[in-house]
Amino acid sequence: MAAASMLLLVATLVVSHGVDAFDPNPLQDFCVADNESKARVNGVPCKDPATVVPDDFFFAGADKPGGAESQRYGYSSLPVRIPGLNTLGVSHARVDVAPGGVFPPHYHPRASETALVLEGSSVYFGFLDSGNRLFAKVLRKGDVFAVPQGLVHFVLNNGSAPAVLYATLSSQNPGMVLLADALFAVAAPSPLPEELLARTLLTDRRTVEEIRANFERRSLSSGFLMAGPGGESHAS
């Protein structure tokens, strides 16, 4: 009985200490990303505060398209990298979608997203919840739409002019999984077996092969859509 009581006391002290020691908030005014550092940490190491300058909190060029471009889907994404946002749990990107183009179904495993339409008159934007319910609206210039963390979402530009969105995500490195690429892209390190895809999609292997051939003919690189300071970006 005494041994059990002592074990309970020790466990309580360990748990209490762990709770008291955890501080999710920044411990300094800022931690400007030092992209030259060789240190490996969960994030990017901080520059010496004495070397921080105004440009560390500034980004120029979000007024025009840029970054990674997807010829397959008709969109481009430009990460807005601001070193001074390092460790603050946020990232930004400008997204351009051509008329008739699509930012196909995808999700960010580590972030929610809020998107502001800068240009566009018929931008179909939506997401699916875990019960497969669709929440979508046709957005116009000045509209804002939010997507909860980890849910599949998409953008379809039904307008006759390019659509421009400014996306804010609640993670320095939100990650991105494009569903179609994950299933069919042959450039993946370990492509899913065709038999598995055929059974999953209630079709046959020949259909899967044809779809994969389309991806192979129009293949581009795969990776992350956007990341925080010092991160990578991609389009497919």
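Let me begin with a term: rings of Phe, Tyr and Trp (its six-membered ring) count as a pair if their centres lie within 6.5 Å, and the pair is called stacked with planes under 30 degrees apart, edge-to-face with planes over 60 degrees apart, and tilted for the rest. What you see here is a predicted model, in which local features need pLDDT of at least 70 and side-chain atom pairs count only at pLDDT 80 or more, while totals for chains, interfaces and linings use all residues. Residues are numbered from 1 along each chain as its sequence is written, and side-chain values use heavy atoms, with hydrogens and water left out.

How many aromatic pairs does a search of the whole structure find? The search gives 7. In one of them, the ring centres of F30 and F57 are 5.4 Å apart and the planes stand at 75°, so this pair is edge-to-face. Both F30 and F57 lie in the loop between helix 1 (2–21) and strand 1 (68–70), so the pair ties together parts that are 27 residues apart in sequence; helices (H or I, at least four residues) and strands (E, at least two) are DSSP runs, numbered from the N terminus.

F30 is partly exposed at 31% relative accessibility, and F57 is partly exposed at 39%, where buried means under 20% relative accessible area, exposed over 50%, and partly exposed in between, with a 1.4 Å probe and protein chains only.

Turning to F127 and F135, their ring centres are 5.2 Å apart with planes at 15°, so the pair is stacked. F127 is buried at 10%, whereas F135 is partly exposed at 32%. Ring pairs also link F127 and F135 with F125 and F145 into a cluster.
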